Every structure is written in C-alpha cells, then in structure tokens.
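Hi,

Have a look at it first, and then read on for what turned up.

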Amino acid sequence: MIYLQLFWEFFQIGLFAVGGGMATVPFLQALGERTGWFTQQHIIDMIAVSESTPGPIGINMATYVGYSIAGVPGAILATLGETIPSLIIVILVSKSLAKFRQNPYVDAAFYGLRPAVTGLIAAAGIITMNAFMLHWDLYKKTSVLMDLFDIKKILFFAVVYFAIYKFKKHPIFYIVVSAIVGIVFSF
C-alpha cells in the first residue's frame, strides 16, 4: 500500500508543481505535514542533497523521499510518479504544438501561469529560509526577538549570496566551499 501511496502522492506533485523543482517544495511541505513522512528540517536536507547531486531537484527529492520511506522500490515509484505527468503532457503538447502555438487560450493560460510559478518558487524560498534561519519554537518560549534569528546562518547566507553575484563562480564551487565551511565551523 505504501508503494501505491508514494506513486500517487508524487504523481500529483508532478502534475501540479508547474515551474520546476523548487516549485515542488510547498507541495512537499504539505505532504510531510499530512503523512508525517518527514519534517521541515528534512525538507532542508532534501534540498541540500538534491541541489548537490546531478539531475532535476524535484526528481531528486522524489527519489530521496521514496527511498527514505520504502527503499529502492519506493524511490523508483516516487520518481516515476513525479516524472510521468510531465512525460504525458510533453507528448501531448508536442503532437499538437502547431495548433497550440497560435491559440489565444494557451497564450492566456501561460500569462496566468507565469506569476503563479513565480509565486510557487518564492514560497519555496521563503519556506526554506523560515525553516533554516528562524527559530520560532525558541522565540515562542522566550519572547526575546534575538532568539528568533540564527545570526550565524543569516550571516553565512548573506556572504554566499553576495559572493554569488560578485564573483560569478560555478554553483558547485559555492556548494563545496559551503560544505567545507560547515564542517570546519560545525554550523
């Protein structure tokens, strides 16, 4: 039964998470809350692992969750569930591409989808930052504003963010350097 559930959950995510891998994060958050399969911290770990490995992030996260929940068969089924909707849609669209190209309804649909996709990606970023840099539980206990923020992580984020735009190195460079800094300073 868990195999069917993994396939179905990721089929739905693959069908509705328009806009790429980071657009799956809000869906994963809801899935984790609904099933108890993983926590917010696990989502952060999944993003880190998925961004550090080859392949699309959404598919990597489906594989990660599937493997965590049900081993290799779970990884295969979650990955298939995530990818089959795209495969079906691409095949259907490619067969009718000439008709869709000039269709005003399709153009209007994309006009509406672009801001929605931007919102999904922004939500993923906000969810990730909230889970990673803010300590709501501690703040609720103490009501001390400084207990809300993880200053070291916020500063490290700011340094990496600045370095990405200033030096324009390959993303792998920042991933490797960040991992080394994390090991050295035990964030």
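One term first: axis angles under 35 degrees count as roughly parallel, those over 145 as roughly antiparallel, 65 to 115 as roughly perpendicular and the rest as oblique. The axes themselves are lines fitted to C-alpha atoms, for helices over the stretch in contact, and the angles run from 0 to 180 degrees between N-to-C directions.

Some housekeeping before the details. This is a predicted model, so local features need pLDDT of at least 70 and side-chain atom pairs count only at pLDDT 80 or more, while totals for chains, interfaces and linings use all residues. Residues are numbered from 1 along each chain as its sequence is written, and side-chain values use heavy atoms, with hydrogens and water left out.

**Overall picture**

The protein chain has 10 helices and zero strands (helices are DSSP runs of H or I with at least four residues, strands are runs of E with at least two, and both are numbered from the N terminus). Its C-alpha trace spans about 55 × 45 × 35 Å along the principal axes. The mean pLDDT (the predictor's confidence in each residue, from 0 to 100) is 86 for the chain, and 97% of its residues reach 70 or more. Confidence is highest in helix α1 (residues 2-16), with a mean of 93, and lowest in helix α5 (residues 97-101), at 68.

**α6 with α9**

Helix α6 (residues 104-133) packs with helix α9 (residues 151-167) at an angle of about 135°, and their axes are 9 Å apart. The two are therefore oblique to each other. On the α6 side the contact (heavy atoms within 4.5 Å) is made by M129, F132 and M133, and on the α9 side by K153, I154 and F157. Five of these residues are nonpolar, none is polar and one is charged (Ala, Val, Leu, Ile, Met, Phe, Trp, Tyr, Cys and Pro count as nonpolar, Asp, Glu, Lys and Arg as charged, and the others, Gly among them, as polar).

**α1 with α2**

How do α1 and helix α2 (residues 25-35) pack, and at what angle? The angle is about 150°, with the axes 11 Å apart, which makes α1 roughly antiparallel to α2. From α1, the residues Q5, E9, F10, I13 and F16 meet F27, L28, L31, R34 and T35 of α2. That contact divides into six nonpolar, two polar and two charged residues.

**α3 with α4**

Helix α3 (residues 40-52) and helix α4 (residues 57-95) have axes 9 Å apart and an angle of about 125° between them, so α3 is oblique to α4. In α3, the contact involves D45, M46, I47, V49, S50 and E51, and in α4 it involves I57, N60, M61, Y64 and V65. Seven of the contact residues are nonpolar, two are polar and two are charged.

**A closer look at T79**

T79 also lies in α4. Leaving aside residues up to four places away in sequence, T79 touches I59, A62 and T63. The side chains of T79 and T63 are joined by a polar contact of 2.5 Å (a pair of N or O atoms within 3.5 Å; within protein, one must be able to donate a hydrogen and the other to accept it, and residues adjacent in sequence count only if both atoms are side-chain atoms).
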